[in-house]
Each structure stands twice: as structure tokens, then as C-alpha cells.
Amino acid sequence: MRYTKELEKIRYRDGKKGDYPTRLHYFSDWIYNNAANNLVTTPADSFGAPLDVEVNFMSTHPDSYKHLQRNPAFISVVAEQEKEISGKDYFYIPKEEIDEKMHLLREGDIIGLTTSIEGLDVAHVGVLVEVDGKLHLMHASQSNLKVEVSDEPLSSFLKPNSKNTGIMIARPVDNLN
């Protein structure tokens, strides 16, 4: 029961599960909401670059989401949330700066790989783990269909020719009582 409550606290707007729009669908929104609720910190705020977030993917592609297909009234709610999300300030580390700022990252940081895909903020998420003194990404591999740790360190994982533009960082706060 405690696990369910904790999951609800981090996955839904202000920790309250309701209809589909109460879920934190965009990573930038997830970070912002969980930082406001003192569940994570956003360390890139102090050393990162501003990230221009313009999200609208869900409301412009409702056929990709079964809950939006089944409940068309949710589309306008999600569109309003997307406007609000897009109006906030976010920070990230551009992939060209990862190597020089790697010392500021920690094992356990939750990383969102920012993307150049129109309408999205983040295309993939994972957790940093240390392997042989270097930080790697533990993530659900889209190509291997399983959770795995990247073979290469994070800086190599963000390939120059990919749509990944950098990383957003959420650092969990130890709130266990």
C-alpha cells in the first residue's frame, strides 16, 4: 500500500490521482511538480542553460493516446496544461557540455534526454548509475525491450547525430521517514 501511495505522489499532479489529465505526462512537468512538492531538486537550475520548452505533442496527436481517443473532452484540458508547461522556466545541460559538467552529476540522478522532436521536451528517461568510475544510463531500452545499463558512459550515449539535445536532471530528495 505504501508503494502505491508513493507512486501516486510522484506520478500525478500534486500527488492526487484523478482523471487522465491529472497524470504528469511530460518530463518537464513531472520535474517542476515534484520539485514544488519537495520530492526532487533541479540541480541544472544553478549550472545549466535555459531550455525552451514548447510542448503540444499530446494535444496535436490525440490519436496516439487511447485515453484521448476515448475521452475527446480531455484534449482541451491537456492543451491548456501544455500551454502552462511551456510557459515555465527549465534548465538543462546541452549535450556539447556534458563532459565538462559530468562532475556535477551523481549516481541516482533521474535524467531526461531532451529532444529536438517538435512538441516534445524529453524523448527518453533513465537513472544514472556508476560503472567503473563513470556514469552510465540505466533505462528501458527501446531497441532491446528491457531495462539495461548503457554500455557506454552518458556522454557517449548522447550521440552527435541523434535527436537528443541534452539532459534535464531531477535529483531525488531523501524524504523517507
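Helices (H or I, at least four residues) and strands (E, at least two) are DSSP runs, numbered from the N terminus. By that rule Val131 is placed in strand β5 (residues 122-131). The model is predicted, with local features needing pLDDT of at least 70, side-chain atom pairs counting only at pLDDT 80 or more, and totals for chains, interfaces and linings using all residues. Residues are numbered from 1 along each chain as its sequence is written, and side-chain values use heavy atoms, with hydrogens and water left out.

**Largest pocket**
- The largest pocket holds about 460 Å³ of space. A pocket is an open set of points on a 1 Å grid over the protein atoms alone, where a 1.4 Å probe fits, with protein on both sides within 12 Å along at least five of seven lines.
- Its lining has 20 residues, with His25, Phe27, Val122, His124 and Val125 nearest the centre; lining residues have an atom within 4 Å of a point.
- Two or more lining residues come from each of α2, β5 and β6 (134-141), and β5 gives the largest share, six residues.

**Burial**
- Buried means under 20% relative accessible area, exposed over 50%, and partly exposed in between (1.4 Å probe, protein chains only).
- Helix α2 (residues 27-36) is largely enclosed by the rest of the structure, because seven of its ten residues are buried. These are Phe27, Ser28, Asp29, Trp30, Ile31, Asn33 and Asn34.
- Just after α2, Asn38 has a positive phi of about 60°.
- Glu118 sits in the loop between β4 (110-115) and β5 and is exposed, at 72% relative accessibility.

**Surface patch**
- Val131, Met138, Val147 and Val149 make up a nonpolar surface patch with about 290 Å² of accessible area together. Patch residues have over 30% relative accessible area and no salt bridge, and nonpolar side chains (Val, Leu, Ile, Met, Phe, Trp, Tyr) are joined within 5 Å.
- Val131 is partly exposed, with a relative accessible area of 31%.

**Salt bridges**
- A salt bridge has a side-chain nitrogen of Lys or Arg within 4 Å of a carboxyl oxygen of Asp or Glu; the count is six.
- Glu6 and Lys9 are bridged, their closest N and O atoms being 3.4 Å apart. They lie three residues apart in helix α1 (residues 2-11), so about one helical turn separates them.
- Glu80 and Lys83 also form a salt bridge (3.4 Å, N to O), and both lie in helix α6 (residues 73-86). Glu80 is partly exposed at 48%, whereas Lys83 is exposed at 58%.
- Lys101 pairs with Glu97 in a salt bridge (3.0 Å, N to O); Lys101 is buried at 14%, while Glu97 is partly exposed at 25%.

Technical notes: Patches are made of residues with over 30% relative accessible area and no salt bridge: like charges are joined within 9 Å, nonpolar side chains (Val, Leu, Ile, Met, Phe, Trp, Tyr) within 5 Å. Accessible areas come from the Shrake-Rupley method with a 1.4 Å probe; for residues, only the protein chains shown count as cover. Grid points are joined across faces, edges and corners, and a volume is the space filled by probe spheres set on the points.
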